[in-house]
Amino acid sequence: MDFNFGLIWKFAVPLAQGLGTSILLSLICMALGSLLGLALALARSSPSRLLRLPAVAFVELFRGTPVLIQLFWVFFCLPLVLGFEPASFTSGVVALSLFTGAVTSETFRAALRSIGSEQRDASVALGLSRWTRMRYVILPQMALRATPVLLSNSITLFKETALVAAVGISDLMSVGENISNSIGRPVEILTTVAVVYFVIAFPFTRIVTLLEKRLLRKLAL
Amino acid sequence: MSNSFKSARPDPLLRIDAVYKSYAKGAPVLRGIDLEMAAGERVVVIGPSGGGKSTLLRVVMGLEQIDDGAITFAGASYVTVTGRRTRIDARVRRSIGMVFQNYTLFLHLNVVGNLILAPCKVNGESRKTATARALTLLDRFGLAEKADAYPSQLSGGQKQRVAIVRALMLDPALMLFDEVTSALDPELVAEVEQVILQLAGQNLPMIIVTHDMWFARRIASRVLFCAEGRIIEDGPPEQVLGSPRTERARDFVHRVFHIGG
Ligand SMILES: Nc1ncnc2c1ncn2[C@@H]1O[C@H](COP(=O)(O)OP(=O)(O)OP(=O)(O)O)[C@@H](O)[C@H]1O
Ligand SMILES: [Mg+2]
């Protein structure tokens, strides 16, 4: 067995393009998913059942099914429901954003619940309106507490984007798989792909730890 | 005749009328509280744990729904009950400030940020003037060098002093203190009590819940003994602390004095 890792440089450009797609997909889905997650978390903590129940149903549905089936559903079933076929990148964004929304809603909800009732008491005693309290007391504290977990959520998402290879989006995984199949060099190519995922994801996990230590300890949140 | 006499008197600062309160599930916690408090008074509330002292202050602050009754501040009714709903007038409530037993500073804001949030967002004061006022007040209470500190960088005593100053930023006409020193290490109690005494010296009306009998004696112009959701004794400190009329109060005062040393 002789491995020639030097050959991967021939495929540097397509691999880099694939990585670009993976990162772009992660960033877009993280942004959209976090907004959705925040909305879901607020809906779930609302006193109104009309808001709470659909939010709970959505979250449980998406957390309780494999991401791959969600992806397939959006790709193959949703077009039949809609009557038209969105671009595959769009479908990927939709599917992964919905999934990320379900995941981050738990993050936001935990952050929200960790804010003690004394913060509300103090706000009311100071005459802050409901909106002012939300905007200047609850949301900032929730965001601070959620940040480290959101970063780990985004690492998870970045790795999960590899699933879109299954529906033909040219992300890093899919590009790697194609090259590997066409030149019959799985060891070199797939190992390289794995290393690239790791090199991107690992610093993030360090940042998460750092943030948790520094920021949250400083604020004693 | 008694009617005309009543209307000739000035409105009391605070008037609590037959207030009943129970929490979601459970027995009533306040069982008919009546109280009239004049502007010059400093009312200390003592009583056994679970007697409803904190609940009473929270109700006066407008933090809780009540089952029945009404509360009036300077002639303006601000806690009322219609049907099963408690209505609270936020405008009237603004004249009342409260400091709690646990730490309630906003953890994501530094000291000045804590002080100016309500003046800026509620009263529409400019950041600049609010900050200037905050620094002046901090200086007056010996906290000037903590202006930029975050709550986590303060001692318990400093946190409570900042919480008091935060309430003072809104110029309250009545202050409520709910056991503000009982979470503190003993050596930090005095600095917080000193601040409250300073405010008492400026004739700021206040209602204080405390287990510190030394402090109660020093600061009170009137003492209430509360137990089982009722005011059982109400009188000048010498009387309620010195020679209580009821056996309950006598037992309690003796026990607390004994433990307190
Ligand atoms: N949020 C709440 N929900 C349910 N029950 C409560 C709540 N707060 C207080 N209670 C109950 O109401 C009763 C009175 O409580 P409260 O805190 O007013 O007493 P307290 O006189 O302040 O006691 P302490 O001296 O221990 O502070 C207690 O039996 C308590 O368990
Ligand atoms: Mg209490």
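**Entry 1: the model**
I noted before anything else that this is a predicted model.

**Entry 2: the interface**
I began with the contacts between the two chains. On one side I found 25 residues of chain B, touching 23 residues of chain A. I then looked up the buried area between them, which comes to about 2000 Å². Carbon and sulfur atoms give 66% of that area. Which residues of chain B lose the most area to chain A? They are F106(B), L107(B) and H108(B), and together they make up 29% of what that side buries.

Next I checked for charged pairs between the chains. The count between chain B and chain A is 1 salt bridge. Its partners are D121(A) and R58(B), with the closest N and O atoms 2.8 Å apart.

**Entry 3: what chain B brings**
I wanted to know which elements of chain B make up the side touching chain A. Four of them supply at least two residues each: α2 (53-61), β7 (96-99), α4 (111-121) and α6 (156-168). α4(B) gives the most, with 3 residues. Sorting that side of chain B by class gave me 15 nonpolar, 6 polar and 4 charged residues.

**Entry 4: the largest pocket**
Then I turned to the largest pocket, which holds about 1200 Å³ of space. I listed 38 lining residues, and the closest to the pocket's centre are P47(A), R120(A), V124(A), R130(A) and R133(A). Both chains turn up in the lining: α4 (88-113), α5 (117-125) and α6 (130-160) of chain A each supply at least two residues, and so do β1 (14-22), β6 (85-88) and α3 (90-93) of chain B. Which element has the largest share of the lining? I found that it is α6(A), with 5 residues. By class, I counted 15 nonpolar, 11 polar and 12 charged residues in this lining.

**Entry 5: salt bridges**
Last, I searched the whole structure and got 14 salt bridges over all chains. One I looked at is R120(A) with D121(A), their closest N and O atoms being 3.4 Å apart. R120(A) was already in my notes as one of the residues closest to the pocket's centre, and D121(A) as the partner of R58(B). Another is R109(A) with E106(A), at 4.0 Å between the closest N and O atoms. How far apart do these two sit in helix α4 of chain A? They are 3 residues apart, so about one helical turn separates them.

Terms used: Residues numbered from 1 in each chain as written. Chains lettered and ligands numbered in written order. Predicted model: local features only at pLDDT ≥ 70, side-chain atom pairs only at ≥ 80, totals over all residues. Heavy atoms only, no water. Contact = heavy atoms within 4.5 Å. Buried area = accessible area lost by both parts, 1.4 Å probe. Salt bridge = Lys/Arg side-chain N within 4 Å of Asp/Glu carboxyl O. Helix = DSSP H or I, 4+ residues; strand = E, 2+ residues; numbered from the N terminus. Nonpolar A, V, L, I, M, F, W, Y, C, P; charged D, E, K, R; others polar. 1 Å grid on protein atoms, 1.4 Å probe; cavity = no way out; pocket = protein on both sides within 12 Å on 5 of 7 lines; lining within 4 Å. Points joined across faces, edges and corners; volume = space filled by probe spheres on them.
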